[in-house]
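Q: Could we go through this structure together, so that I learn how to read some of its features?

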Amino acid sequence: MATERSTNPLPIVLHLVAIAVGLFLGIKAMAALSPDLPPESSNPGVDVAASNGQVPPGAPNSLFQPGPLSIALDAVDDQLAAGQQLSLVHITPADVTTNVTDGAGFDLSDVDSSAPTRLATLISAERSRVRGLQDFQFVDLRLDQDSEPQWYVQLALDIDPPRTYTAPLDALAVTPGG
Amino acid sequence: MRYVSRTLIGLGLFAFCWAVTAYAIFQLLSIGTCASGGPYVPARQCPAGTERVMLALVGAILLYFVAALIYSTRGPAPGSKRPPSSALTILWFWTGLFWSLAVGSFLAVWGPEANPGPGATLGGLIVGFMGLIFGIAGVAWVGYTWRSGPRTIAGPDWSVFGTPRRPDRAGAFNALATLERMRDEGNLDDAEFETLRARLRGP
């Protein structure tokens with residue numbers, strides 16, 4: 001404080017008091033204003049409100065359907081940090097959950113919202129017992145042993161084996177098992 | 001009284017803004033990415049009141065200017081005839097703003113209660129180090145000012161529009177003496193002498 005330097009301690013005292021009071025009031029104000037922080041981080045995901053997990057797989061609002069799944073994926077994207085990679089996207093009729101990874105993974109943009117419908121068409125073409133999405137239990141996009149994204153379908157338990165299918169990322173062909 | 005009141009209010013407001021800035025950045029980095037609204041329930045919902053934190057941060061940045069205005073008009077300290085240092089205003093404003101961002105960011109990433117949200121670690125470090133570097137500029141300005149001596153912030157430089165010429169009195173006196181010598185030597189008549197002398201004097 002070159003221009004206020006003198007034997008008078010008043011400027012220094014005033015400055016110190018002002019800083020102390022200002023900091024105190026600022027912290028108090030923000031403590032009263034701020035929300036409670038979440039206790040720990042959870043992975044991004046969504047669920048259908050008020051569904052209690054009871055959405056029929058083939059229902060129009062099922063997250064297997066392209067429209068609802070596209071909206072759900074947008075909501076998941078909002079919860080992801082820029083460039084954040086995934087190791088798993090787990091889709092059920094009532095919710096979408098994810099696992100994020102710090103290592104190699106895939107982008108959320110790799111998840112095609114019409115893939116479950118396409119997979120249902122392919123599987124039902126091979127097996128008349130499978131009617132379509134209504135016989136699906138869940139669909140995953142996950143990393144295979146080569147760290148490449150791969151679709152994984154689990155059919156309902158009342159379907160005769162095979163109840164699992166895999167497909168490449170483009171979901172243009174299915175392979176039983178996996 | 002003016003010095004006391006404006007120092008207390010101005011610098012107190014600065015310190016208030018520093019605390020709000022640091023606290024808000026800490027909160028926002030701890031929340032991380034989140035979503036609200038839409039037809040589905042996000043797993044990472046934005047905590048209720050997140051928007052208040054963002055508004056508080058914006059409000060604090062605006063209050064910095066108010067604090068600067070009040071503090072910079074505090075006048076000389078009691079018992080001092082020197083004008084107040086404008087470098088201090090810059091220090092409290094510039095360095096205070098950027099270092100409070102840095103403090104909040106580093107606490108959110110490395111502090112004892114650090115729990116950065118998704119994507120917040122890298123973002124916090126970037127903001128923190130950038131704030132640290134930018135804030136040093138204010139300290140450098142104060143250091144430069146203290147070395148150079150007290151000064152106030154210079155106003156506009158009007159000299160670019162030209163400055164009125166001050167009369168060169170010594171040059172004019174020598175020229176007049178020369179004219180008188182030339183007249184005495186007969187090299188100038190009286191009329192020529194008077195004409196040239198009038199030119200020297202100007203309009």
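Q: Is A:Arg118 buried, partly exposed or exposed?

A: Buried means under 20% relative accessible area, exposed means over 50%, and partly exposed is in between, with a 1.4 Å probe and protein chains only. A:Arg118 is partly exposed, with a relative accessible area of 26%. This is a predicted model, in which local features need pLDDT of at least 70 and side-chain atom pairs count only at pLDDT 80 or more, while totals for chains, interfaces and linings use all residues. Residues are numbered from 1 along each chain as its sequence is written, chains are lettered from A in the order in which they are written, and side-chain values use heavy atoms, with hydrogens and water left out.

Q: With which residue does A:Arg118 form a salt bridge?

A: Side chains of opposite charge can pair when their charged atoms come close. A salt bridge is counted when a side-chain nitrogen of Lys or Arg lies within 4 Å of a carboxyl oxygen of Asp or Glu. The partner of A:Arg118 is A:Asp112, with the closest N and O atoms 3.0 Å apart, and A:Asp112 is partly exposed at 29% relative accessibility.

Q: How many salt bridges are there over all chains?

A: The count comes to five by this rule. Among them is the one between A:Asp140 and A:Arg142, whose closest N and O atoms are 2.8 Å apart; A:Asp140 is buried, with a relative accessible area of 3%, whereas A:Arg142 is partly exposed at 28%.

Q: Where do B:Arg197 and B:Glu194 lie?

A: Helices (H or I, at least four residues) are DSSP runs, numbered from the N terminus. B:Arg197 and B:Glu194 both lie in helix H6 (residues 190-201) of chain B, three residues apart, which is about one turn of the helix, and they form a salt bridge with their closest N and O atoms 2.8 Å apart.

Q: What volume does the largest pocket have, and which residues are the closest to its centre?

A: On a 1 Å grid over the protein atoms alone, a pocket is an open set of points where a 1.4 Å probe fits, with protein on both sides within 12 Å along at least five of seven lines, and lining residues have an atom within 4 Å of a point. A volume is the space filled by probe spheres set on the points, which are joined across faces, edges and corners. Here the largest pocket has a volume of about 430 Å³, and of the 19 residues that line it, the closest to its centre are B:Ala22, B:Tyr23, B:Val103, B:Gly104 and B:Leu107.

How values were computed:
Helix = DSSP H or I, 4+ residues; strand = E, 2+ residues; numbered from the N terminus.
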